[in-house]
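Work through these exercises with the structure open beside you. Try each task before you read its solution.

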Amino acid sequence: MSEERETQDTEATPAGTGGESLRAQRMQRADDLRAAGLDPYPPRIERTHTNAEVSALLEGVAAGAEPDLDPVAIVGRVVAQRGMGRASFLDLLDGTGRLQALIRRNAVGEEAYERLKLLDLGDFVAVQGSPMRTRTGEATVGATSWQVITKALRAPPEKFHGLTDVEIRQRRRYLDLLANEEARDTFRMRSRIVAAIRRHLDERGYLEVETPVLQEEAGGAAARPFLTHSQALGEDRYLRISLELHLKRLLVGGYERVYEIGRIFRNEGFSQRHNPEFTMLELYEAYGDYGTMATLVEELVSTVAEEVLGTTTVSFGGNEIDFAPPWRRLDYVEALREYGDFDLDAFVETEVLREELRRRGLDAPSEAGRGKLIDIAASALVEPHLIQPTFLLDYPIELSPLAKRKGGSAGLVERFEAFVGGFEFANAYSELNDPVDQRERFEAQQALQLAGDDEVELADEDFLVALEHGMPPAGGLGFGIDRLVMLLTGQTSIREVILFPQHRSLSQRDHT
């Protein structure tokens with residue numbers, strides 16, 4: 001066993017860094033393979049079975065048996081190596097799991113056996129041989145030949161202590177996936193959740209579409225956009241902050257049920273629940289309303305949970321959450337009274353509302369409009385109490401420039417947000433389709449922007465023109481995929497469900 005492998009087995013080395021001396025040793029072993037006429041990075045390799053398939057072949061085979069099975073060719077990363085004189089064991093990891101390979105000197109030949117000295121943890125190898133079980137019952141391939149197919153120049157995370165540095169795990173996700181089975185399971189689960197969402201919507205007649213990431217106007221949400229420049233057009237473009245306005249254009253064009261699962265970009269801060277780029281599901285259904293969307297959310301989330309987890313009950317943040325319908329419905333204004341002893345009707349004037357928030361010790365910026373101040377109040381006083389799935393209904397109009405007014409109440413709109421575990425993960429409206437009303441609300445938002453609020457709904461003239469051609473009554477829904485994955489996998493940080501979350505660059509971090 002080499003000095004490096006002994007060090008890896010007994011000492012915690014910096015995860016994934018290896019060190020320059022160890023890297024030099026690995027590079028030398030790659031050169032030694034080349035000197036022996038072997039390519040450490042061959043252009044192609046034969047694999048007949050995955051590790052899981054070989055294990056399945058050996059189901060029911062007794063310990064110590066060498067059944068009469070056809071030879072197999074397997075591949076995988078070396079995650080453990082044990083030398084026993086004239087025989088060595090390699091544990092190989094592929095995408096289906098771990099499998100043991102037995103390399104005997106008399107089976108592979110003296111020269112091939114000696115080449116094990118050039119093998120390091122983290123290398124990929126191919127092994128040809130016969131399936132068998134060892135005396136201890138371990139599923140194994142008894143090798144007749146083997147070769148290195150990728151030489152790893154850096155050491156894997158140290159095997160006993162694993163990879164525990166949170167920033168390294170997130171910044172170098174490949175190391176996290178290599179070292180932590182839990183991380184691999186989380187992202188497999190994410191893929192299954194997204195696939196289940198698509199199936200649910202496809203089966204209900206929704207058409208999946210794609211809309212522009214680069215947009216002339218960053219509309220559809222109250223958020224700061226990222227700005228870029230098109231060299232070909234000689235014009236600035238915004239990275240989209242929402243999928244909404246282009247999807248609604250498709251309702252104008254005649255589609256009745258559309259959805260998109262797409263990447264969204266918002267120039268905002270980081271938190272346990274916020275990442276500047278995230279994945280959103282948005283869908284629109286002609287002739288529906290926010291009640292239609294509430295039923296859809298209940299059915300969608302409970303169905304996905306049952307399909308992926310086998311249950312509608314999950315553990316999140318120390319609470320048992322049950323997604324089975326029906327979910328609680330709670331009036332927005334009443335929720336402020338119930339949880340915050342806060343009567344919104346008593347604070348009609350913006351400055352009076354601002355002073356009340358400050359009196360309660362809440363941050364109430366001078367440039368914030370009435371809508372943002374109301375949102376600050378609800379975020380602090382109501383949301384932490386909404387642990388079980390809850391629809392918060394009928395929002396003040398100042399918060400919702402794109403939602404239809406609620407009949408009989410001039411100051412409210414038909415909107416809900418869905419909350420679980422104390423945070424919001426879905427947002428829906430009865431969509432505003434009156435072009436005159438929509439234009440007036442955009443103008444009110446522009447006035448707030450001129451007053452210094454940089455998180456407002458931006459006007460989109462082409463969208464207004466589209467509305468003037470007639471958009472049918474509709475229900476619309478925005479749905480945070482990342483947050484749903486958090487809930488269903490029990491992860492309390494959004495960075496643990498995004499493969500490559502944003503981080504400050506290393507050069508900038510070192511200067512802060």
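**Exercise 1.** Find the residue just after helix 11 that takes a positive phi, and state the angle.

*Solution.* Step 1: go to the end of helix 11, which covers residues 332-340. Step 2: look just past that end. Asp341 has a positive phi of about 45°. Keep in mind that this is a predicted model.

**Exercise 2.** At the start of helix 11, which side-chain oxygen reaches to the backbone nitrogen of Val333?

*Solution.* Step 1: locate the backbone nitrogen of Val333. Step 2: search for the side-chain oxygen. Asp331 supplies it, coming within 3.1 Å of that nitrogen.

**Exercise 3.** List the buried residues of helix 11. Then explain why they are on the same side of the helix.

*Solution.* Step 1: apply the cut-off, under 20% relative accessible area. Tyr332, Val333, Ala335, Leu336 and Gly340 are buried. Step 2: look around the axis. These residues cover an arc of only 160°, so they sit on the same side of helix 11. Step 3: recall the general rule. An α-helix has 3.6 residues a turn, so residues three or four places apart point the same way. Step 4: find the packing partners. The buried residues pack against strand 14 (328-331), helix 13 (370-381), strand 15 (390-396) and strand 17 (409-420).

**Exercise 4.** Is Arg190 buried or exposed? Which backbone oxygen lies 2.6 Å from a polar atom of its side chain?

*Solution.* Arg190 belongs to helix 8 (residues 181-202). Step 2: check its area. The relative accessible area of Arg190 is 14%, so the residue is buried. Step 3: find the oxygen. It is the backbone oxygen of Val497. Step 4: look at the contacts beyond four places in sequence. Arg190 touches residues including Arg263, Thr279, Asp482 and Ile498.

**Exercise 5.** How many helices and strands does the protein have, and what percentage of its residues is buried?

*Solution.* Step 1: count the elements. There are 17 helices and 19 strands. Step 2: take the buried share. It is 50% of the 512 residues.

How values were computed
Residues are numbered from 1 along each chain as its sequence is written. This is a predicted model: local features need pLDDT of at least 70, side-chain atom pairs count only at pLDDT 80 or more; totals for chains, interfaces and linings use all residues. Side-chain values use heavy atoms; hydrogens and water are left out. Helices (H or I, at least four residues) and strands (E, at least two) are DSSP runs, numbered from the N terminus. Buried means under 20% relative accessible area, exposed over 50%, partly exposed in between (1.4 Å probe, protein chains only). The arc is that of the directions from the helix axis to the C-beta atoms. Contact means heavy atoms within 4.5 Å. A polar contact is a pair of N or O atoms within 3.5 Å; within protein, one must be able to donate a hydrogen and the other to accept it, and residues adjacent in sequence count only if both atoms are side-chain atoms.
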